Amino acid sequence: MSEFDAILVGAGHNSLACAAHLALKGWKIGVFERNATIGGAVQTREFTLPGFRHDFGAMNLSLFAGSAFHRKYANELKAHGLEFAPVADCFASAFQDGRWFGVSTDLEKTASRIAAFSKSDADNWRRLVAAFPGEAEHLFRLLGSPMGMRALAGTAWKAWRKKGAAGALDLVQLLLASPRAWLDENFESAHVKATLAAWGMHLDFAPDISGGAVFPYLESMANQSFGMVLGKGGADTMIRALEKMLVAAGGKIFTGAEVAEITVTGGKSTGVRLASGEIHTAAKAVIAGVAPGALSGGLLPNGSGNQPFDTAMKKFRHAPGTMMIHLALDDLPDWRAGAELRQFAYVHLAPSLDAMAKTYQQAIAGLLPAEPVLVVGQPSAVDPSRAPAGKHVLWVQVRVLPAEIAGDAAGEIAPGHWDEVKEAYADRVIAIIESYAPGLQQNILGRSVFSPVDLERENPNLVGGDQICGSHHLSQNFLFRPARGFAKWNTPVERLHLVGAATWPGAGVGAGSGFMLAQQLAGS
Ligand SMILES: Cc1cc2nc3c(=O)[nH]c(=O)nc-3n(C[C@H](O)[C@H](O)[C@H](O)COP(=O)(O)OP(=O)(O)OC[C@H]3O[C@@H](n4cnc5c(N)ncnc54)[C@H](O)[C@@H]3O)c2cc1C
């Protein structure tokens, strides 16, 4: 048995950031991770062939680079090996009519590409980019504050002071709008709208879902204004730096150490019991970086003592799933729409708003979508160190999929368990990419497929392959993430806290929940 001040359950990046900050404040820290490797959704491994390094989940580290945690600890993280690979050609979409549109950090380039579709869209883009700093200030303050009535009122008050009532209301409208509502208001080109709307599909915001506009808005404006960053050599650069920072501060990380129970005495958490039977105690806090269902599903065998909280954890809604396909390639895809696409970090294959809406609805209905939305990541185009000289890795994220398969919208694949179906579905995905980039199949040297079920096997927080650990729809976001009354990483059990993507401010590699909770616990 070991005694700590704080025990963290799981070694996702939020837990690691939380642990590092607390350790630097003098807390005695133990992090317990069930897997042999740490990082959760942020890992880099050779899934196909030796020398080909694939990001298991997150590939885009812009949220981490722009985070409050990174701002505070940039020097320490760099000293511990953190290195970014900056991206100038951030994201694009290819279309079957042979056209493409992409956002690069060079405003003239982006604007001239838009002007080829619509002159007025190009003017609107420039107007939105110019106004972005004034909007971002308020949005980033909200996303970077512990969630409560005070944060909401403070943001509203500051926005009203700076922008007047009309400007503040416009901001509220943006937060409530669906991607389609915002896109229709600002653009007329179907190509431009589809390119931006694809960002909603990285979360669970199909074009017509309220609250989704802010994601295409923020991603497109931030990519235009600041670019994007990947991890040099792999996304795991941030995890290795966090690990070293934590260990240097005296923290301990245990791998292969699944937490089976959070021990509670007299309404207070006292530590953890591992699946191996070992008991470890925590004098100040147990911080669980798990999916809410894990609390009601076993970590708290007698519940939290608060029935509404337990019910909310049990009923926490997960978003549709993801499949990841990792390819080792002889060469990058030969995009029919234009050779310039080869240098973009992301190429989205998402033909129209209606196609995205249909795909989402099919997945929700349990069907394998006939034409999934594809996020084709080309990390080695940005960072050649991820593959042997002249070769490449392709990171294909397939959005969105059911966790359990009731049928196939294309009527080709017989329903079954994902273990039986995944390779056939991956063939469909490869055929779709091939239709935009002829010759891809001949370039494939190795392939590794993770179905939604495989993602959950790797990381139980990815329930049903839900890559964002819980729907971000309005009814489960802001004050309601993960449940009303518990948005500040608190639980009904004293000294027990919940962090990670399921909690405010949600998914992504911004380390927000971990760092804000650590500051709350340490007093600064
Ligand atoms: C396929 C995919 C692509 C993504 N792409 C991006 C991207 O490009 N950019 C971006 O910003 N975000 C991306 N995301 C989202 C982002 O990676 C996640 O939201 C984020 O990493 C979640 O971090 P976390 O701290 O909540 O914990 P997680 O990363 O979910 O880690 C949780 C850890 O806890 C461990 N654990 C769980 N239960 C226990 C237990 N009982 N005992 C011990 N250990 C336990 C798990 O094994 C895991 O290691 C992606 C996610 C996925 C899956």
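One aromatic cluster is formed by Trp 125, Phe 132, Phe 140, Trp 182, Phe 187, Tyr 217 and Phe 226, where rings of Phe, Tyr and Trp (its six-membered ring) pair if their centres lie within 6.5 Å, with planes under 30 degrees apart counted as stacked, over 60 as edge-to-face and the rest as tilted. The model is predicted, so that local features need pLDDT of at least 70 and side-chain atom pairs count only at pLDDT 80 or more, whereas totals for chains, interfaces and linings use all residues. Residues are numbered from 1 along each chain as its sequence is written, and side-chain values use heavy atoms, with hydrogens and water left out.

**Aromatic pairs**

- By the ring rule, the count comes to 26 aromatic pairs.
- Among them, Phe 64 and Phe 69 form a tilted pair, at 6.2 Å centre to centre and with 40° between the planes.
- Phe 69 also pairs edge-to-face with Phe 515, at 5.3 Å centre to centre and with 85° between the planes.
- This second pair links distant parts of the chain, 446 residues apart, with Phe 69 in helix H3 (residues 68-79) and Phe 515 in helix H18 (residues 512-522).
- Phe 64 counts as buried because its relative accessibility is 0%, the term meaning under 20% relative accessible area, with exposed over 50% and partly exposed in between (1.4 Å probe, protein chains only).
- Phe 69, at 1% relative accessibility, and Phe 515, at 5%, count as buried too.

**Fold and dimensions**

- The protein has 18 helices and 20 strands, which are DSSP runs (helices H or I, at least four residues; strands E, at least two) numbered from the N terminus.
- Along the principal axes, the C-alpha atoms fill a box of roughly 65 × 55 × 45 Å.
- Of the 524 residues, 57% count as buried.

**Surroundings of Glu 135**

- Glu 135 lies in helix H5 (residues 119-143) and is buried, because its relative accessible area is 17%.
- Not counting residues up to four places away in sequence, Glu 135 touches Lys 163, Leu 171 and Tyr 217, contact meaning heavy atoms within 4.5 Å.
- The C-alpha atoms of Glu 135 and Ala 168, which are 33 residues apart along the chain, are separated by 9.5 Å.
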